[in-house]
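This report describes a structure in plain terms. Look at the sequence and the model first, then read the sections below.

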Amino acid sequence: MTAPLAPIDETITIDQLHLDPYPIYRRLRAEAPVLRVKAVGRTFLTKAADAKYVKDTPALFSSDDPRTPMKPAFQAHTLMRKDGPEHLAERMAMAPALMPKTIETVWAPLYRQFASDYMDRLPTDGIVDLHRDLAGPIAARILAHILGIPEASDEDMQEWSEALIHGAGNFGWRPEPFERSDRANAEMNALLDRAIERVRAEPDASALSVMVNAADPIPLSQIVANIKIAIGGGINEPRDALSTIVYGLLTNPDQLEEVRARGAWGTAFEEGIRWVAPIQASSRRALEDVEIRGCLIPRGDTVMTIQASGNRDEELYEDGETFHVFRPRNNHLSFGSGPHHCAGSHVARRTVGKILLEMLFTRFPAMSLPDPSAVQWRGFGFRGPINLPVRLT
Amino acid sequence: MPHVTYVAADGTRTTLDAAEGASVMETAVRNDVGGIIGECGGAMMCATCHCYVDDAWTARTGPRKDGEMDLLDCAASPVTDASRLSCQIRMTQDLDGLVVHLPEAQV
Ligand code: HEM
């Protein structure tokens, strides 16, 4: 006997998910952890164990989904949507640039300087939108250097990233998002042409240089695609992570005090990204009929692993809905799992966790959030605050 | 069941029964042994399950797997000849009594 298909929901809307998915996820974990959500056209998996199982089982769940708008947005088939040896080759081509040793020796001193400069620029009186004026630009600067395109401005990097993300999320296949991502691609291509010449002539430790100057390089088109995927996936998440953690600490002064006393900025980082995962959900396509919790996932069906929900799963966490830095255990899924585990996890942990948080709270010890209710949270695929009006002194 | 001992950087020892065929990483993660994260679930992508195989055991744990060295390069703590990714060591009766030392940091 074959299992029945997962129940179908026709009430949940994308708008609701965009505004606040967490009450919905809590209900689904209890009532319907495997659920076909009509508005999204995907089967939601809201339990941590299921999300991890799917990501850890690439033989059954492929990252390659030809029907997503990702290809037109990036003008390329990128490593995020490849499987097996092809994925591995492209992934490992970039890995040396993103490893802890390189970050520590090459980038950390430069990043400390940038962080310091960007914090110097902030006005010390009145209300400052820390999300817009610090989190976004510093995330862009950090990424531009490690990728090997320091000539790109913060504004360019942020626009390109948004354009790629909007294009890749353009499931309505409307023309405007692709027009915007096409423009971004043209600008990135022009800049990359010059940057490639530069790193050929003067190799450095950046991702671009490492890929271009490898003994057995991957094709240039894939090098370019890798840089684009890192631009699309390397600004929003550290930016949103920083704003989320700052919010968490400012609204829990007792925890902030303890983090400060113990120097536990890394622990605060992990809790922030558990609490509100910057990437909330990922898609995988079933390569065969599979059964999950008694529901048939038919071959060809696309499931969504909702790590945002898994991160608050009652089976793993007591009171997972709240920000609690010193919780006894935290094995969140915010960097994913399996072969597509975030390639930038070391960068994010070392920049946001080890450099930015500590510097920010040391430099502005009296920083406060006068009106937490003014902070707006948005996002279904990617999520975080969209503003963070703080007072620095 | 083969047992495996984890020696934390501060010297704390934890001995566990491992399921036959389970990796040294999985065994640690399932039992909440601190000091091993294993964030990518054994796909050799995160380098957060780094361990140093005790000298007495390196012959039996055998050589590193294909691609393992590339990921060890990404480890947060110093890599030595004894360094392995614990997701790449599977527990068998042959490894009953295995001792691995854990690094100072995994991230
Ligand atoms: C807090 C910050 C970050 C979070 C929470 C995060 C999260 C994630 C997640 C969940 C995935 C897996 C997607 C999937 O399974 O389909 C991923 C993949 C990826 N991330 Fe990150 N990321 C962060 C920062 C970064 C940074 C700074 C970079 C670039 C330096 C980066 C580059 C990548 C790349 C290239 C992939 C694709 C890996 C592959 O498909 O093999 N990420 N990230």
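## Terms and source

A polar contact is a pair of N or O atoms within 3.5 Å; within protein, one of the two must be able to donate a hydrogen and the other to accept it, and residues adjacent in sequence count only if both atoms are side-chain atoms. This is a predicted model, in which local features need pLDDT of at least 70 and side-chain atom pairs count only at pLDDT 80 or more, while totals for chains, interfaces and linings use all residues. Residues are numbered from 1 along each chain as its sequence is written, chains are lettered from A and ligands numbered from 1 in the order in which they are written, and side-chain values use heavy atoms, with hydrogens and water left out.

## Around the ligand

In His87(A), a polar side-chain atom lies 2.7 Å from an oxygen atom of the ligand. For Arg91(A) the corresponding distance, from an N or O atom of its side chain to a ligand oxygen, is 2.9 Å, and for a polar side-chain atom of Lys55(A) it is 3.0 Å.

The shell around the ligand has 12 nonpolar, 8 polar and 4 charged residues. Here Ala, Val, Leu, Ile, Met, Phe, Trp, Tyr, Cys and Pro count as nonpolar, Asp, Glu, Lys and Arg as charged, and the others, Gly among them, as polar.

## The iron atom

Cys342(A) is the only protein donor of the ligand's iron atom, through SG at 2.3 Å. Donors are N, O and S atoms within 2.8 Å of the metal (3.2 Å for Na, K and Ca); water is not among the atoms, so sites may look incomplete.

## Where the chains meet

Contact (heavy atoms within 4.5 Å) joins 21 residues of chain A to 14 residues of chain B. Between the two chains there are 9 residue pairs in polar contact, both at pLDDT 80 or more.

The interface has 3 salt bridges, each a side-chain nitrogen of Lys or Arg within 4 Å of a carboxyl oxygen of Asp or Glu. Arg349(A) and Glu39(B) form a salt bridge at 2.7 Å, N to O. On the side of chain A that touches chain B, 6 residues are nonpolar, 7 polar and 8 charged.
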